Amino acid sequence: MQVLQVQLEVGPDPAEVGRARRWARSRLAGSGIRDDEPLAETLVLIISELVTNAVVHTGCPAVLRMLFAAEGGVRVEVADASDRPPQPRHAEGEDTNGRGLELVDGLADRWGWQPEGAGKSIWCEVDPVSVAPVHGPGAVSPGRVPC
């Protein structure tokens, strides 16, 4: 299995999340995944959530990596210097925080975390065949819960 890996260093500033999204869109397009494809939309949303978590909850720089498998799957990893494991929360009603890892869990085919150096890496994998269109009737893949 051939894999292409690209990475971006992200500073500890919430403004870096937008830069990470733009970078990801560019790398996805370079790998043949068009910006309007459901796979690209899903990956950019996941990246936004994981980078936001790294920047906001750790206050540390992070490294965003995307790994493209020859079969079309994509693995996203966000590594940071904090050794605190991710803590999924459940947001209630009007809460403005606490949905990030729930969203990743609902969109990714697999996700988890592992120690990396003195910190950790949160990863997820998205298989192209499991991603449904975001808009329109019947847009939910089997196993996915509609909002």
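Colleague: Which residue stands opposite Trp123 in β5?
Modeller: Gly112 stands opposite Trp123 there. Helices here are DSSP runs (H or I, at least four residues), as are strands (E, at least two), numbered from the N terminus.

Colleague: Before we go on, what am I looking at?
Modeller: It's a predicted model, where local features need pLDDT of at least 70, side-chain atom pairs count only at pLDDT 80 or more, and totals for chains, interfaces and linings use all residues. Residues are numbered from 1 along each chain as its sequence is written, and side-chain values use heavy atoms, with hydrogens and water left out.

Colleague: OK, how many helices and strands does the chain have?
Modeller: There are 3 helices and 5 strands. Along the sequence they follow the pattern β-α-α-β-β-α-β-β.

Colleague: How many bridges does β5 make with β3?
Modeller: 7 bridges join β3 (residues 74-80) to β5, and Val76 faces Cys124 of β5. On the β4 side (residues 110-116), 7 bridges join that strand to β5, again antiparallel.

Colleague: Is β5 buried or exposed?
Modeller: Buried, meaning under 20% relative accessible area, with exposed over 50% and partly exposed in between (1.4 Å probe, protein chains only). 8 of the 8 residues of β5 (residues 119-126) are buried, so the strand is largely enclosed by the rest of the structure. Gly119, Ser121, Trp123 and Glu125 lie on one side, with Lys120, Ile122, Cys124 and Val126 on the other. For the chain as a whole, 44% of the 147 residues count as buried.

Colleague: Over at the other end, how do β1 and β2 pair?
Modeller: They pair in the antiparallel sense over 8 bridges, β2 being residues 62-69.

Colleague: What about α1 against α2, what angle do they pack at?
Modeller: About 150°, with the axes 9 Å apart. α1 and α2 are therefore roughly antiparallel; the cut-offs are under 35 degrees for roughly parallel, over 145 for roughly antiparallel, 65 to 115 for roughly perpendicular, and oblique for the rest. The crossing is right-handed, a label for the near helix being turned clockwise from the far one by less than a right angle, while anticlockwise gives left-handed.

Colleague: Which residues of α1 meet α2?
Modeller: Val17, Ala20, Arg21, Ala24, Arg25 and Leu28. On the α2 side, the partners include Leu43, Val44, Ile47 and Val51. Contact means heavy atoms within 4.5 Å. By class it's 9 nonpolar, 2 polar and 2 charged, counting Ala, Val, Leu, Ile, Met, Phe, Trp, Tyr, Cys and Pro as nonpolar, Asp, Glu, Lys and Arg as charged, and the others, Gly among them, as polar.

Colleague: And α2 with α3, which hand is that crossing?
Modeller: Left-handed. Contact residues include Leu45, Ile46 and Leu50 of α2, plus Leu101 and Val104 of α3. The axes of α2 (residues 38-58) and α3 (residues 100-107) come within 9 Å and cross at roughly 150°.

Colleague: Switching to Arg65, where is that one?
Modeller: Arg65 is in strand β2. At 10% relative accessibility, Arg65 counts as buried. Among the residues in contact with Arg65 are Gln5, Gln7, Glu77 and Glu116, leaving aside neighbours within four places in sequence.

Colleague: Last one: is Arg99 buried or partly exposed?
Modeller: Partly exposed, with a relative accessible area of 36%. Arg99 is in the loop between β3 and α3, and its C-alpha is 6.9 Å from that of Arg89, 10 residues apart in sequence.

Conventions. Axes are lines fitted to C-alpha atoms, for helices over the stretch in contact, and angles run from 0 to 180 degrees between N-to-C directions. Two strands pair if DSSP finds at least two bridges between them.
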